[in-house]
Amino acid sequence: MEGHVTYRFSTQKVDYHFGFGASRLSAITDRKSTVLLMDENVHALHGTRYRGWECIVIPPGERFKVQSTVDGIIQGLIERKADRQFTLVGIGGGVITDLAGYAASVYMRGIRFGFMPTTLLAMVDASIGGKNGIDVGPYKNMVGIIRQPAFILYDWAFLRTLPDAQWSEGFAEIIKHACIRDATAFRLLATYDIDRIRRKKEILHPLIERNARLKSAVVRRDEFERNERRLLNFGHTLGHAIETVHGLSHGSAVAVGMVLACRLSETRTGFKGTESVKSLIEAYGLPTSHPFHVTKVLDVLRMDKKRVSREMNYILLERIGKGIVHGLPMDELEGWVRSIR
Ligand SMILES: NC(=O)c1ccc[n+]([C@@H]2O[C@H](COP(=O)([O-])OP(=O)(O)OC[C@H]3O[C@@H](n4cnc5c(N)ncnc54)[C@H](O)[C@@H]3O)[C@@H](O)[C@H]2O)c1
Ligand SMILES: [Zn+2]
């Protein structure tokens, strides 16, 4: 199934092309003034489909999402004589889309860029919303910009080679979207599990599109995160702290964070769906709990970007499909964290 939709953000409209093959790229961007960015894995598995395109290939992994890689990409653009009319296209997971969006935004004070997300996570989350950044030492996404891509091109063929662990990473964010805004998707997800839904292309592809649209709509209404966009942090406050302290994968940490946020919601909003959320998380290969080091986790929480002086904007659920932003005094949050486990 193919589809096309345009979302208008404050400074840029973004064209989404769902379900097209590699050939669509030449219709969207001129090959002579385009440079592709891929990591070695994606290049080895899918590079042959992009023969004839200029391509910068970098090593894979989060540890390369740093300034020295951006310098290398900029060097690559200079060597290819890229001017301000050029387009940089990131073809890869979230590391590549972040690097491409960031490098393109600073090269010559900003050139056009687009994405072809190749992981489930990048399709439903990382490629959308315009936040593109790099890590500095231990600090993730410490430096970056908010600038929208010109286009996002979805080619389902990439999913054929996606490693098992990467599927759960993407489903953590899909479950998050369902919890905060999409009870219908929650019910759909609950009728499957990760193995069955992966094989059901006629369910999976529209579900990815639905998630891309959901995040885009939330971001469009609140691009600079003053209000509704904060809902996308559901599960990410404690989740991120546990990820930092205990080295869990992002998806696993967010899954644990979502269950904790559900439990906190029970006491604050009367939320009754914790068991349903837990069952769904398990069905998609993610953990529902993890023992954590309270003092160290609280240290990271105090550094959280979502904290505003003595209060944390915590995302809670009123019911499945209805997330809310809840201002929680830090001492209350800390007291609650100490009381759980
Ligand atoms: N900008 C945002 O709003 C945003 C949102 C969420 C996450 N992110 C960022 O995204 C990153 C994580 O994304 P990710 O998990 O996609 O990481 P990634 O780009 O590192 O990809 C994960 C692994 O899968 C491999 N891979 C990618 N596509 C493949 C395919 N089709 N077949 C086989 N292997 C493939 C990659 O080479 C890599 O080894 C983090 O850096 C995170 O900060 C950004
Ligand atoms: Zn996340």
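**View 1. Elements of the shell around ligand 1 in the predicted model.**

**View 2. Residues around ligand 1.** The ligand has 31 residues around it. Asn41, Gly93, Gly94, Val95 and Thr119 come nearest. By class, the shell holds 11 nonpolar, 12 polar and 8 charged residues.

**View 3. Contact between domain 1 and domain 2.** Domain 1 brings 19 residues to the contact, and domain 2 brings 18. On the domain 1 side, strand S1 (3-8), strand S2 (13-18) and H5 each give two or more residues. H5 has the largest share, with 5 residues. The residues on this side of domain 1 divide into 12 nonpolar, 6 polar and 1 charged.

**View 4. The largest nonpolar core.** This core counts 90 residues. Leu37, Leu88, Ala100, Ile175, Cys179 and Met258 touch the most other members. Helix H11 (residues 250-269) provides the largest share of the core, 10 residues. The core lies between domain 1 (3-161) and domain 2 (164-339), because both give residues to it. In soluble globular proteins, nonpolar side chains tend to be buried together.

**View 5. Contacts of Ile175.** Ile175 is one of the core residues that touch the most other members. Leaving aside neighbours within four places in sequence, Ile175 is in contact with Leu189, Leu280, Ile281 and Tyr284.

How values were computed: Residues are numbered from 1 along each chain as its sequence is written. Chains are lettered from A and ligands numbered from 1 in the order in which they are written. This is a predicted model: local features need pLDDT of at least 70, side-chain atom pairs count only at pLDDT 80 or more; totals for chains, interfaces and linings use all residues. A residue is near a molecule or strand if its C-beta atom, placed from the backbone, lies within 6 Å of it. Helices (H or I, at least four residues) and strands (E, at least two) are DSSP runs, numbered from the N terminus. Ala, Val, Leu, Ile, Met, Phe, Trp, Tyr, Cys and Pro count as nonpolar, Asp, Glu, Lys and Arg as charged, and the others, Gly among them, as polar. Two residues are in contact if their C-beta atoms, placed from the backbone, lie within 7 Å. A nonpolar core is a set of buried Ala, Val, Leu, Ile, Met, Phe, Trp, Tyr and Cys residues joined through C-beta atoms within 7 Å. A residue is buried if 20 or more other C-beta atoms lie within 10 Å of its own, exposed if 12 or fewer, and partly exposed in between; C-beta atoms are placed from the backbone. Domain bounds come from an automatic or database domain assignment.
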